[in-house]
Amino acid sequence: MKLLLQLSIRNLLRHKRRNGMLLLAIAVAVAGVNASNTLLRGYQLDLLDTAVSNLTGHVKVHAPGYRDDPTIMNSFVIEDSFTPDVPSDVLLGWAPRVRIPGVIMSERETRGVQLVGIEPGAEGISFLRDAVIDGEFLTAADDNRVVLGKELLRQLESDIGRRLVIITQGADGLNRERGYRIAGSYDVQGTGLEKLFVFVGLEHLQALLETDAVTEVSVRLTTENYREPAKLSMAASLSDLEVMDWQELEPQAAEMFLFADGVIYVWFLLMMGALTFGLVNSLAAAVMERVKELGMMRALGMQKRTVVVQVVVESCVMMALGVLAGTLLGALIYAAISDGIDLTAWSDGIELFGVASLLVPVMLPSDLLTVAFSSMLLGIAASLYPAWRVVQVQPLDALRS
Amino acid sequence: MSQPVVVCKGVTKTYQKEAVPVHALRGVDFVVHPGEFVSLSGPSGSGKSTLLNIIGGLDRPDSGSVVVDEVDYGGLSESALAELRLHKLGFVFQAYNLIPVLSALENVEFIMQLQGVPAAERQGRAEDVLTKLGLGEMIHRRPGEMSGGQQQRVAVARAIASDPVLLLADEPSANLDSRTTEELLELLKRLNQDNGMTIITATHDPMVMSYATRQVKLRDGAIEHDDAALPA
Ligand SMILES: Nc1ncnc2c1ncn2[C@@H]1O[C@H](COP(=O)(O)OP(=O)(O)OP(=O)(O)O)[C@@H](O)[C@H]1O
Ligand SMILES: [Mg+2]
């Protein structure tokens, strides 16, 4: 084996220019794939974070029927002692809410909104954690003021400290109408959420609706990897309720998430496929100009399979060097863009997918390893054909040629 | 008398050349005993190389049998033949003998490396042989940095360093001038006389023939003359 390594390295050095170019091509392709992977992972993570933060959580509990008819009629009561059936080390937090449709009116304008009763302390799990608050946020579950989105506030032509009227349906099916003071407004990426959600204290809203039930419990985990098991164990302990994960609740986001996975594979195959083609050609040339030499080795008693291994080793050495250089180069690119790429110039298109306008790349060791490993496999695959061809030539014919 | 190194019986070989059969060997019986230095000669196309290649396990006869060092080639797989070449035979080809990316020393070590001889031992043996052949100065040179005669001597060194039972040389002097040919032949003669190495050469070169101890002449794929057939 040492002999084969020595032979392959010296043979590679025999054509410094040709192999140098090939090495560069491999390195650039690997670096390109790695760099684009960090962007796609960044996009995915952002997508995930947005989907999960969007009051969804990783897993969410509803009363059956709530999704068809999201009113206080389809609600459930949770025990004081309730906690989600998830190991505490993967549980980031959970929040009970009442979320029902309502109409909000200022002196000038009227809008349909989602009225959400929350426990302010529990909402560290949602987008409110990162929102910029003007004025004050709700302070307790019995807070009887409202917090609404900055965009909605603008549309209602109202202001912090002023009063609004909210109309919604109570547990008895009768409408409630009540005036609220605006405690503050929240400002988040994009305007979709800002127009949709109006927050009020959970206990206050329950009192208004004359119920002690909630319409949802949202659970956020420390890791996406535990989503499936968490959903299953919660579904088992809450058998009369509907337990769903964000992929079911936000199918579009889930599809984009999978799509990004697909892009990663397709991109890898495209780049490395073209490269493999070049590698096969270059190896075939390198091997065919050594037919005589390899035939002589076989005449001296080297086994066919050893000749094959020799060609494979040569290809692998090449690939390994290229992958190493490419991974380093990819890391440099990553370091250069690790602060994120500002997409505001294209943000109109991007917002459609619910993604922040700053794309922050994420480098996953598992991605680097997958790329490196698959590249090595390609290196082996690329060498098999040239190796097979060269051992088809009988030693005598090779020596005679 | 000791066991013969080579026993060929009724060896025939026919090639197809543009659909015309060429009878390269037509029933050759040929026995070589240990310590012989045999020269195969004869006109071009008489079958010298074909016979040498068949004895070397590089080519297979159409009929007849070949036994080398008591191993019958009949029924041996390609891989078993390669194994046999590696462990029992030494080859010196006409040209392009050496691996260009390896130094003289590494070239001589090559076969022993394939045989799995430990590094220290094979390096010692390779240095010894090269020094004996007068190449002690150039063990670190690559083939491209040596003359044709020096390259051929390195090839001989490689062939004998692993102590083969039989050394086969096809036109070893074809690319050499007469002075280096003589040096090479002196070398083979010494190996034959001092070490009892069994050697078979195929050649047109009268100088090579003159160094051999037994003359075998081929014509049209058959043995026309063999010293061994003469009454002693
Ligand atoms: N692979 C082959 N395919 C077709 N014909 C072949 C092949 N090898 C040898 N021959 C033919 O077989 C005959 C014997 O060839 P061989 O090489 O044994 O002769 P030779 O005595 O070594 O000749 P030379 O002195 O020219 O080397 C020749 O007619 C040659 O053309
Ligand atoms: Mg010949």
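Student: Which residues does B:F30 touch, apart from those up to four places away in sequence?
Tutor: This is a predicted model. In it, B:F30 touches B:V6, B:V7, B:C8, B:V38, B:L40, B:L51, B:I55, B:I200, B:R214, B:V216 and B:I223, with residues up to four places away in sequence not counted.
Student: And which members of the largest nonpolar core touch the most other members?
Tutor: B:F30 is one of them, together with A:L7, B:V6, B:L51, B:I55, B:F110 and B:I200. That core has 54 residues.
Student: How many residues are in the second core?
Tutor: The second core is separate and has 37 residues, including A:L164, A:L209, A:V214 and A:L238.
Student: Let us turn to the strands. What is the strand order in the open sheet of chain B?
Tutor: The order is β2-β1-β4-β5, 4 strands with antiparallel pairing. At the edges are β2 (20-32) and β5 (71-72), each of which pairs on one side only.
Student: How many bridges join β1 and β2 of chain B?
Tutor: Strand β1, residues 6-17, pairs with β2(B) over 10 bridges in the antiparallel sense. Within this pairing, B:V7 stands opposite B:V31. The two strands form a hairpin with 2 residues between them, and B:E18 in the turn has a positive phi of about 50°.
Student: And how many for β4 and β5(B)?
Tutor: Strand β4, residues 63-68 of chain B, is joined to β5(B) by 2 bridges, again antiparallel. B:V68 has B:V71 in β5(B) as its bridge partner.
Student: Stepping back, how many helices and strands does chain B have?
Tutor: Chain B has 7 helices and 10 strands. Its radius of gyration is 18 Å, close to the 17 Å that the globule rule gives for 232 residues, so chain B is as compact as a globular protein of that length. The C-alpha trace spans about 45 × 45 × 40 Å along its principal axes.
Student: What share of chain B is buried?
Tutor: Of its 232 residues, 51% count as buried. The accessible surface of chain B is about 10,200 Å², and carbon and sulfur atoms account for 49% of that.
Student: And which share of its contacts links residues 24 or more positions apart?
Tutor: Such pairs make up 69% of the contacts in chain B with a separation of 6 or more.
Student: Now chain A. Where does A:S282 lie, and which residues is A:S282 in contact with?
Tutor: A:S282 lies in helix α8, residues 251-288. Leaving aside neighbours within four places in sequence, A:S282 is in contact with A:R18, A:N19 and A:L22. A:S282 counts as buried because its relative accessibility is 13%, under the 20% limit.
Student: What about A:A331?
Tutor: A:A331 belongs to helix α10, residues 304-337 of chain A. At 29% relative accessibility, A:A331 is partly exposed. A:A331 and A:N34 are 297 residues apart in sequence, with their C-alpha atoms 8.0 Å apart in space.

Conventions
Residues numbered from 1 in each chain as written. Chains lettered and ligands numbered in written order. Predicted model: local features only at pLDDT ≥ 70, side-chain atom pairs only at ≥ 80, totals over all residues. Heavy atoms only, no water. Core = buried A, V, L, I, M, F, W, Y, C linked by side-chain atoms within 4.5 Å. Buried < 20%, exposed > 50% of the residue type's maximum accessible area, 1.4 Å probe, protein only. Contact = heavy atoms within 4.5 Å. Rg over C-alpha atoms; globule rule 2.2 N^0.38 Å. Areas by Shrake-Rupley, 256 points an atom, 1.4 Å probe, with all protein chains shown as cover. Pairing = 2+ DSSP bridges.
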